[in-house]
Amino acid sequence: MDTVPDWMTPEGESAFRDLVGYAPRAWRENRVEMVLALDERHRNRSGIAHGGVVATLVDAAGGFAGCWCPHPGRVRRASTLSLHTQFIGPARLGRTLIATGLARPGGKSIFFATIDIVDDEGKPVATGEGVYKYRPGSETTEGVPR
């Protein structure tokens with residue numbers, strides 16, 4: 001899997017991504033590996049990562065999987081139409097979550113993604129499925145100007 005060039009995901013491009021702390025570790029067409037190091041800001045009342053953090057990672061990995069763009073200075077964007085998350089095991093603080101998203105074409109402007117999340121010990125945390133709609137101009141790998 002290709003590593004992610006700095007120009008593809010500059011810090012500050014997404015304030016929410018910066019806030020939560022997830023980032024692509026490896027990315028290529030139709031596949032992404034996202035990582036998130038869990039810390040105290042992700043904790044719920046039970047002392048594990050909040051389910052919303054895990055669902056966010058499912059959504060982000062699914063969207064990134066379908067939005068790879070190899071052209072410097074250009075991006076592809078999509079909006080989530082539907083998202084399903086199944087929680088399998090606890091997301092423990094101090095662990096790093098690894099989300100693998102795989103995109104499948106749907107039509108001219110729609111794609112589907114399946115996502116699996118494990119922790120850095122290989123323990124399953126969640127799985128999910130998403131349906132995404134490309135933003136105008138993002139239907140091909142040429143994308144749009146950043």
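User: How much space lies in the largest pocket?

Analyst: First, a caveat: this is a predicted model, where local features need pLDDT of at least 70 and side-chain atom pairs count only at pLDDT 80 or more, while totals for chains, interfaces and linings use all residues. Residues are numbered from 1 along each chain as its sequence is written, and side-chain values use heavy atoms, with hydrogens and water left out. On a 1 Å grid over the protein atoms alone, a pocket is an open set of points where a 1.4 Å probe fits, with protein on both sides within 12 Å along at least five of seven lines. Here, the largest pocket holds about 560 Å³, the volume being the space filled by probe spheres set on the points.

User: Which residues lie nearest the centre of the largest pocket?

Analyst: Lining residues have an atom within 4 Å of a point. There are 26 of them, with Gly63, Phe64, Arg76, Arg77 and Ala78 nearest the centre.

User: Which helix or strand gives the most to that lining?

Analyst: Helices (H or I, at least four residues) and strands (E, at least two) are DSSP runs, numbered from the N terminus. α2 gives the most, five residues. α1 (15-20), α2 (51-65), β3 (74-75) and β4 (78-87) each supply at least two.

User: How many disulfides does a search of the whole structure find?

Analyst: A disulfide is a covalent bond between the sulfur atoms of two cysteines; the cut-off is a pair of sulfurs within 2.5 Å. The search finds zero. For Cys67, the nearest cysteine sulfur is that of Cys69, 9.4 Å away.

User: Is Cys67 buried or exposed?

Analyst: Buried (under 20% relative accessible area, 1.4 Å probe, protein chains only): Cys67 has 8% relative accessibility. Cys69 is buried too, at 3%.

Notes: Buried means under 20% relative accessible area, exposed over 50%, partly exposed in between (1.4 Å probe, protein chains only).
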